[in-house]
Amino acid sequence: MRDVTAQTTPISRQQTGQDTQGRRRTAGSRAWSAGDAAAVAAAGLLFAVAAVVGHAINGDEKLHMRWPPLLAHYEPHLGPGTVAAPLVAVVVAVHGPALAARLPWRRLLLAGWAASLAWIIALALVNGWRTGVTSRLAKRSEYLTDVDEVTGLGVFLSTFTDRILLGSENNWTVHVAGHPPGALLTFAGLDRIGLGGATWAAWFVLLTGASLVPAVLVTVRALGRGREPERELWARRAAPFLVLAPAAVWLGVSADAYFAAVAAWALALLALAATGRVRVPWAAALGSGLLFGWLLYLSYGMVLMAVPALAVLLLAGNWRPLPWVLAGMLAVAALFTAGGFWWFDGYFTLYERYYQGAARERPYAYFIWANVAVQTLTLGLAGAAALRRAGAALVRERPGRPVWRVPGTWRKPRGVVLVLVAAAVAAALLADLSGMSKAETERIWLPFTVWMLLAAALLPRRSVRWWLAAQAAVAITVDHLFFTGW
């Protein structure tokens, strides 16, 4: 079998839709439609209403937020990133689409990772190196606070659940208590190999978070029926938008960027295994299972990545990797369980802890829609227009029977994008309905957001640079007006 990351010849202008006929055929004859304008206006209005309503009900910070629906406080400021971020944005917006179309595949993956890293760091530097990067994970509520508490693996795992509740002796800090032990173990592991402290932790999160871009591209290219250039086309179209995502404001530096990267690579390996585009599919499936298993011990909410995983298997039309995936997941679960941590005990104890804190006062009726409003900033204006196009395409092209009974209906390259976007939206909505995502979804939903941004591949080719500029403007504006937190 052929490795999906193998060097390939760049696809032609006709294949990338750069010619006039291609633009008309794939994106319509207009660069901007009334539907796009309506989607952007609706997204802006939704966020404005959420802000007005949130401030109205936030007397004495009842919502435990300074500037609802964002977990942030308003403080216009400048920093080194004030120069760096626009420069990176201009380079990506002007040259990104052409480079994405013509770079050999492996170079595109590397370029996507490097450009994403540059964009994330440039935005973080708006707040300065210390405030924007190294001190993010050093706050009292963060994982590094409790790294020294991991003195022995057996004792740590067997007593982890006992320290989740607020009333427990020597209870965990907020973020440690809010996640399974894998998250703290990651940073404790870095510390034990000589990479301790906030700076190394920040670099770890930055480097892994930026790898989201190649992971998503590999997944899209692996899935779908048709010739390789056709499958590759949609990944290349999405690449600049994945790089210049407004979500990068929260990717640097948040441990959720690390969680999102683990989830993305788990899906990428699953896609490679299910389509047989690697030499040893069973090994890729096992690797996917190990990553999915580890993901469950990084964040309880990542159980919802089962929705995109199911979409990948449906798109591939192959369930043979499933036993290997389950074997990998069970292996990780067995190790944690043998060590003394039972996932379900941890989750239900966390549920109790969650409602001991701010969630007890945060109204479900507000956050059920304000959580969605916040995504206006993480997805950007292009994201709003693209999701509208994706939704319209799904309704217009819906099959008459269930997807698994209509081979080929959604398994063409364009359909792959639509299904992955729909799966990400479904996972986020399930998280919203659960009541365990009251606020902070600009950070918590990063593992879903990156897949929603795939919808930008549907935007007209002639207006790509303008949409990319709009994405950059959203991110830069947010970073200069607010100090975001988690």
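For the residue classes used here, Ala, Val, Leu, Ile, Met, Phe, Trp, Tyr, Cys and Pro count as nonpolar, Asp, Glu, Lys and Arg as charged, and the others, Gly among them, as polar. The model is predicted: local features need pLDDT of at least 70 and side-chain atom pairs count only at pLDDT 80 or more, while totals for chains, interfaces and linings use all residues. Residues are numbered from 1 along each chain as its sequence is written, and side-chain values use heavy atoms, with hydrogens and water left out.

Pockets were examined on a 1 Å grid over the protein atoms alone, a pocket being an open set of points where a 1.4 Å probe fits, with protein on both sides within 12 Å along at least five of seven lines; lining residues have an atom within 4 Å of a point. The volume of the largest pocket is about 1,200 Å³. Its lining comprises 46 residues, and V174, Y354, E440, R443 and I444 are the closest to the centre. Elements giving two or more residues to this lining include α7 (174-177), α17 (343-354) and α20 (441-444), and α17 supplies the largest share, 5 residues. By class, the lining of the largest pocket has 25 nonpolar, 13 polar and 8 charged residues.

The second largest pocket holds about 370 Å³ of space. Of the 18 residues that line the second largest pocket, V372, Q375, L379, L387 and M452 lie nearest its centre. Two or more lining residues come from each of α2 (34-56), α18 (364-396) and α19 (413-433), and α18 gives the most, with 8 residues. The lining of the second largest pocket divides into 14 nonpolar, 3 polar and 1 charged residues.

Axes are lines fitted to C-alpha atoms over the stretch in contact, and angles run from 0 to 180 degrees between N-to-C directions. Helix α3 (residues 81-102) packs against helix α4 (residues 105-124) at an angle of about 160°, the axes being 8 Å apart. The two helices, α3 and α4, are therefore roughly antiparallel, a term for angles over 145 degrees. In contact (heavy atoms within 4.5 Å), G81, A84, A85, V88, A89 and A100 of α3 meet L108, A118, W119, A122 and L123 of α4. This contact has 10 nonpolar, 1 polar and no charged residues.

The axes of α4 and helix α10 (residues 212-222) come within 8 Å and cross at roughly 145°. Here W105, L108, L109, G112, W113 and S116 of α4 meet V213, P214, L217, V218 and R221 of α10. The contact of α4 with α10 has 8 nonpolar, 2 polar and 1 charged residues.

Key. Helices (H or I, at least four residues) and strands (E, at least two) are DSSP runs, numbered from the N terminus. Angles under 35 degrees count as roughly parallel, over 145 as roughly antiparallel, 65 to 115 as roughly perpendicular and the rest as oblique. Grid points are joined across faces, edges and corners, and a volume is the space filled by probe spheres set on the points.
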